[in-house]
Amino acid sequence: MGGSWIWLATLTLALFAAASFAEDDVVVLTEANFDKEVGQDRGALVEFYAPWCGHCKKLAPEYEKLGSSFKKAKSVLIAKVDCDDQKSLCSKYGVQGYPTLQWFPKGSLEPKKYEGPRTAEALVEFVNNEGGTNVKIATVPSSVVILTPENFEQVVHDSNKDVLVEFYAPWCGHCKMLAPIYETLANVYKLDEDVVIANLDADKYKDLAEKFGVTGYPTLKFFPKTNKAGEDYDGGRDLDAFAGIVANIDSLVKELISAANDERKAVLSKIEEEVEILEGSSVRYGKVYLKAAKSYIDKGSEYAKKEIERLQRMLDKSISPAKADEFVIKKNILSTFFLCMNFTYFLNHKFILLDNYYIINTSFTYYLVLKFSLINLIDFFFNCIKMDLKNY
């Protein structure tokens, strides 16, 4: 994809665990607030989930619809608990698999397990029956542009816009898992006039999908302003893998980190020059890169780690989707600083393969690298190797 605004990273930025986007309509529960929110003057449906769980990801868009539907119902709470983060709380309520849905009646902390279908329609019916409400399913507006044969040419081949297209099938399980992430991505870019996040029902419009070589679902193709023939997107499918990275400046960050102290100002000048010529949505990201580069020089190598941890603490709170998007983009950009600075730790510490995860043991913490091969990991860190070879 070259210098386009989406960086097809060989290493998914899920190294820092995909941010848990706290929807305003679904309350995030922890040990600190569980008893204050549940078992009080309203009934509560609580989803106990794990961020890595495929069934949980599939449920996510349905559960978000449920939360939106009951947003104004004062007698019902729709909530969720991250069992990776709140292990003791989940153990307390007998959670053994994910997702587990439990109904807590008004004034009670004795739950009733939900065993029905995991669709918004079935969940709404269940909550209505248990909570004595009569709520209808809310229609959640989408920021994803829906493509058809009639508007495909006009939208995708617009030379003034960068367009990302998901070719999906309504029955596809992986597509359903991607749906909430793709919607959040569309929300990130909805104010950027030169960026379009779109999708096409490839099952319904098979001829159009076949024209672009689509043979499986979901297939993501990027149509930048400079190449309307389309480019395959083969990177990660979490939000972190999409948003905020500018390839040219990312390369300069690696150069900055590998540079000697007396060479860093010269590299910083290069970054400033690149930021000045950015256009469209990249301008916003360039400013974050520049600020991070200056802070790295002024505050030292620990800056990126501490700032990423601070942003993650903010993301763990119930904040607005717009603010969450802003923090994720900043965290993504800071990831380049952090990963390159800690290549030495990658070399010095063992890592093991567990199921589909690489667990890299660094001096700071354990990071999960989702479904990435060792070769891809080495390819990424090779970009940072200049700095660390000086230490051997």
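Leu 220 belongs to strand S9, which covers residues 219-223. In this predicted model, Leu 220 has a relative accessible area of 2%, and it counts as buried because that value is under the 20% cut-off. Ten residues separate Leu 220 from Gly 230 along the chain, and their C-alpha atoms lie 9.8 Å apart.

Another buried position is Asp 162, located in strand S7 (residues 162-168). Asp 162 has no salt bridge. The nearest side chain of opposite charge is that of Lys 225, 4.3 Å away; this pair does not qualify because a salt bridge requires a side-chain nitrogen within 4 Å of a carboxyl oxygen. The side chain of Asp 162 does, however, reach the backbone nitrogen of Lys 225, at 2.9 Å.

Next comes the sheet. Five strands form an open sheet with mixed pairing, in the order S1-S3-S2-S4-S5. Its edges are strand S1 (27-28) and strand S5 (112-113), each of which pairs on one side only. Strand S4 (residues 100-104) runs antiparallel to S5 and is joined to S5 by two bridges. Trp 103 has Lys 112 in S5 as its bridge partner.

Helix H2 (residues 54-69) lies across strand S2 (43-49), strand S3 (76-82) and S4, and H2 runs at about 160 degrees to S2.

Key. Residues are numbered from 1 along each chain as its sequence is written. This is a predicted model: local features need pLDDT of at least 70, side-chain atom pairs count only at pLDDT 80 or more; totals for chains, interfaces and linings use all residues. Side-chain values use heavy atoms; hydrogens and water are left out. Helices (H or I, at least four residues) and strands (E, at least two) are DSSP runs, numbered from the N terminus. Buried means under 20% relative accessible area, exposed over 50%, partly exposed in between (1.4 Å probe, protein chains only). Lys and Arg count as positive and Asp and Glu as negative; His and the chain ends are not counted. A polar contact is a pair of N or O atoms within 3.5 Å; within protein, one must be able to donate a hydrogen and the other to accept it, and residues adjacent in sequence count only if both atoms are side-chain atoms. Two strands pair if DSSP finds at least two bridges between them. Contact means heavy atoms within 4.5 Å. Axes are lines fitted to C-alpha atoms, for helices over the stretch in contact, and angles run from 0 to 180 degrees between N-to-C directions.
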